[in-house]
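Dear colleague,

I am handing over the structure below, and I would be glad if you could look through it before reading my notes, which follow directly after it.

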Amino acid sequence: MKTYTKDLILTSNGQRVSYHNITESVRQAVKESNITNGLCVVQSPHTTCSVIFEEYVHDLDFNGDEFLQVDLNRILDNIIPRELSEETNYRYPGPKHLEFLMGLDDPNYPCDPGTILNGDAHIRASLFGASETFIVNETILQIGSVGYIYFIDFDQNRKRNRKCQLMIIGE
């Protein structure tokens, strides 16, 4: 059995939920892998990001978001409102967790409490999950004619680079 790994670096917009259509990048990685039959795992290592499999929609709003993504955001806004200040119904992050995060020596976590008011992003990502697995059959990713793969960053507090990890396993 062979394995092939590749990381995609994606930049969130920091103002609204970021949807990245990564379908072609995943197809390219499958080609590069030289694996004929197997599985392709697409995963986010970030707790406020998800990978989903959804139909590609040709219609876009003024932000360039597909209509299905806009609809999904509207539904999520109704059931999981944004955490815009510490005066919300969210208990996250909590004083001990805030202290932990403020003490990290990691450039991915700036010493700014406003950037971690993202309990909504954690809950949304938990609902959708961090990964999707696809079958590779005769070197072709089995996603049908309208299925596309999206990496979503639900964290809307700051612009940053995100990693999407790919692993293709098979023969």
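In what follows, Ala, Val, Leu, Ile, Met, Phe, Trp, Tyr, Cys and Pro count as nonpolar, Asp, Glu, Lys and Arg as charged, and the others, Gly among them, as polar. Please keep in mind that this is a predicted model.

With those classes, the lining of the largest pocket divides into seven nonpolar, nine polar and five charged residues. This pocket holds about 390 Å³ of space, and of its 21 lining residues, His46, Thr47, Tyr109, Arg160 and Arg162 lie nearest its centre. Both α3 (95-102) and β8 supply at least two residues each to that lining.

The second largest pocket has a volume of about 200 Å³, and among the 13 residues lining it, Arg16, Asn63, Asp65, Asn73 and Asp77 are the closest to its centre. Its lining has three nonpolar, three polar and seven charged residues, with the largest share, four residues, coming from α2.

Helix α2 itself (residues 67-79) has buried residues at Gln69, Val70, Asn73 and Leu76. Seen down the helix axis, the buried residues of α2 fall within an arc of 130°, so they line one face. They pack against β2 (18-21), α4 (119-128) and β7 (147-153), whereas the face turned away from the buried side carries the exposed residues Arg74, Ile75, Asn78 and Ile79.

Finally, Gly170, found in strand β8 (residues 161-170), is buried, with a relative accessible area of 7%.

With best wishes

Notes:
Residues numbered from 1 in each chain as written. Predicted model: local features only at pLDDT ≥ 70, side-chain atom pairs only at ≥ 80, totals over all residues. Heavy atoms only, no water. Buried < 20%, exposed > 50% of the residue type's maximum accessible area, 1.4 Å probe, protein only. Arc of directions from axis to C-beta. Contact = heavy atoms within 4.5 Å. 1 Å grid on protein atoms, 1.4 Å probe; cavity = no way out; pocket = protein on both sides within 12 Å on 5 of 7 lines; lining within 4 Å. Points joined across faces, edges and corners; volume = space filled by probe spheres on them.
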